[in-house]
Amino acid sequence: MILQVLNEFYERLSDDPSQEIAPYGYSVQKMSFCVVLAPDGRLVQFQSLISEMKNGRGIAKPLVVPGQGKPPGSGVNPCLLWDNAAYMLGYRAEDPKPERTSQCFEAFRDRHLALETEINDPQFSTVCSFLKQWRPELAVEHPELAEISQSFGCFLLQGETSYVHERTAVKQWWDQQETSDSERRGACLVSGQQRTLARLHAPKIKGVRGAQSSGASIVSFNLDAFESYGMRQSYNAPVSEQAAFQYATALNQMLADPARTVSLGDTTIVFWTAKPTAAETIFPTFFSGPLPTQNEAEDAAVLARLKAFLSRLAQGKRDKSALPSEDADTPFYILGLSPNASRVSIRFWQVSSVGEMSQRLAQYVQEVELVNSPDEIPPTPRQLIRETAREAKDAPPLLSGSLMQSILTGAPYPLAFYQAILRRIRAEQLVDKSHRKDWIRAMHRRIAAIKAVLIRNFNKEISVGLDTNRSEPAYHLGRWFALLEKVQKDALGEHINATIKDRFFTAASSTPATVFPRLISMSQNHLNKIDAKGLRITREKQIQVIADRLNEFPRHLALEQQGLFHLGYYHQVQDLYTKKSETPAISSAPESE
Amino acid sequence: MSYSVKLHVWGEAACFTRPEMKVERVSYDVMTPSAARGVLEAIYWKPQMRWEIERIHLLKPVRFTNLRRNEVGVKASAANAKSAIKSGSGSLGLYIEDERQQRAGTILRDVGYVIEGRIVALDAENPAEKHYHMFKRRAEKGQCFQRPYLGCREFLADFAWVENELPACELSQSERNRDLGFMLLDIAYTPATGKAYDVIESNTGKKLLAQPQFFRAALKAGVMEVPAVTSTEVVA
């Protein structure tokens, strides 16, 4: 099914004139230079095809060229009318093996000269006469070559607008060539038609993070233990050459587009829909954050679009207004790939609809929503995953995949994720403030993660802000702790070195019975120190209200209750630091009375 | 009359590996006919009969999960075994530490199916009716030759005989109808002529060629119809 849908995506792209996608037998390659020739074959100049980006990095120009990428290995394999400088000119900057370079050039020249009469095109002949007269030694006279020859190059005739490899005569000749080295025909698993079957699937899949940079394969049988019934290599899975080319090209096209891919942990995820929709570009943006674009106005526009989309989702209006409603039934595909040796494995594969996905995303956005968020948009899954480890790079790769899957399928969040978050909160009580600049954000995101897990996995109904009517003691213990800390700060000043939070928070959240009596007696001393009588009475009243809800201190809080403790603490802190004119003061009685 | 049976099978996990992704295994969404045949054969099979799968009912939503396992990347050498038999000594061992391959699997979680299969009697002395009753008695008692499994040996299947009403289907309306793409129907075995062969039939010792057959699978109201091997829908 995966290959089939990718194959359909290829057809969608090839029908779309705004998309540059290689037809069967061709590929898109990055070109950094172009050899400009006069009609008689003399060299005019070496032209750079590199365009400057905003960040100062150069981007080579992608062009559709005949043939697949350069085959790896030590053989001499010249391409047709495009190649690297070693083949095209016998030139390599700081050449370690000059002999091989000259061999390459000779092979390239001989191949083209042999085809001159067969292709019979004036422009092709011009290239041939250039190759005849070119001496690799002459390259030294062109110092600019060292700058621009890192990637591939191609030929252009002076005054022409299209490259020599784009000539109709060249294409006609190329299309007649049998590209396949296989003789085997059979039923294609993707299309069901009788076709030439692929022995190896080409092109390789590039752009999966962590996989080999030269590309890896989804379909590959590289050891005999994988083969069955006497079939060799990919004949074990009959896929036609054309289907293999199309699915791989479509997938490569998506993987090369930063707006479509998200990498989370060791998983690279691509999103697409059966027909062009807004959702397929906005979803990845949500998961990975907005991309850096060419200019700031564009950045702002993307962010504004994302914010508008998410706020509509959060308000529960769902797809109907966030996305055009006619798109709601359009199939939505999500493919998660992760590297495994020289292969690419399917980490997850999901087929749903645009409407369903918007609903799932809305559910997530509602679950992680908290009061007084320091961020403008809800925390992204990547940000939450980052909070499960000390350093971003230590975040467990398996978690990100399963968290993503939970969000996309509406399944419970992985408990390992919840445990990891609680563990980080316990471990970082002391280091937070001094070691992380963004610790307020970090704290907020962790609580958001806890809230989401409590809602989805433990079926709790949890409000965005303080909820004084909850039944769970753990929640009120958390609130109590926040008040005790506030009392300490009221008495000793906001900037004391070590608050009770730094010393007792972990113990209070897991074994309240051992800590709370001691904290309460300490708090009495703090209360006595508060000079303002009004404030002291307010605090005493606030504590009394919470204490009334509790019969005893539990000896031990389970994981679920620990989460509630953290949440109660957070809600109470946020409430304490919110101006009372904006929100009503804490009251144990419902407001309507 | 036709002797069709219905068998409810379920399990915690299943992997009906797609041929194109059988190295890094990815399961088909629904049980394949050949896996269903394997389940029925594990409960009852005789050389005088053949199972034909008619349809498979999907009872639970398709859910995937991931796992990675260490497996061995080579086959034991038949040539070495042969020469060891001839000479009386030789090295037949495989060292898993050297041949280890880590393979990822995207497998199904929490599955349930009803398999509908038909008994085709191959000789007149043993009518289909006899096989039918033998199968029924065995299935009702929970007897089997070997424990039936869901695609891979490690994913055991529980089974129950279905007499009248099918177990409830938990699929939502939108999940009941969809295209499943090309699916493996079964492997067709034909007697091998000449030296080349793919497998040796275990009960007769005959050499056979194996040819995989595919069909365009689709879910209609939660049911996947399986075409007969001879039908024109089947591609090989």
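Helices (H or I, at least four residues) and strands (E, at least two) are DSSP runs, numbered from the N terminus. Welcome to a predicted model, in which local features need pLDDT of at least 70, side-chain atom pairs count only at pLDDT 80 or more, and totals for chains, interfaces and linings use all residues. Residues are numbered from 1 along each chain as its sequence is written, chains are lettered from A and ligands numbered from 1 in the order in which they are written, and side-chain values use heavy atoms, with hydrogens and water left out.

**A sheet in chain A and its helices**

- Four strands of chain A form an open sheet in the order 10-11-12-13, with antiparallel pairing (two strands pair if DSSP finds at least two bridges between them).
- Strand 10 (261-264) and strand 13 (343-353) of chain A are the edges, each with a single partner strand, so one side of each has no neighbour in the sheet.
- From one strand to the next, the twist averages 20°.
- Four bridges join strand 10 to strand 11 (residues 267-273) of chain A in the antiparallel sense, and Leu264(A) has Thr267(A) in strand 11 as its bridge partner.
- Helix 7 (residues 241-255) of chain A packs on the sheet, touching strands 10, 11 and 12 (331-340) of chain A (contact means heavy atoms within 4.5 Å).
- The direction of helix 7 makes about 105° with that of strand 11 of chain A (axes are lines fitted to C-alpha atoms, for helices over the stretch in contact, and angles run from 0 to 180 degrees between N-to-C directions).
- Helix 13 (residues 397-409) of chain A lies across strands 10, 11, 12 and 13 of chain A, at about 15° to strand 13.

**Strand pairing in chain B**

- Strand 1 (residues 4-14) of chain B pairs with strand 5 (residues 100-121) of chain B in the antiparallel sense over 10 bridges, and His8(B) stands opposite Val114(B) in strand 5.
- Strand 1 of chain B also pairs with strand 6 (residues 158-161) of chain B, antiparallel over four bridges; here Val9(B) has Phe159(B) as its bridge partner.

**Salt bridges**

- Over all chains the count is 33 salt bridges (a side-chain nitrogen of Lys or Arg within 4 Å of a carboxyl oxygen of Asp or Glu).
- In chain B, Asp186(B) and Arg37(B) form a salt bridge, with their closest N and O atoms 2.6 Å apart.
- Asp186(B) counts as buried because its relative accessibility is 14% (buried means under 20% relative accessible area, exposed over 50%, partly exposed in between, with a 1.4 Å probe and protein chains only).
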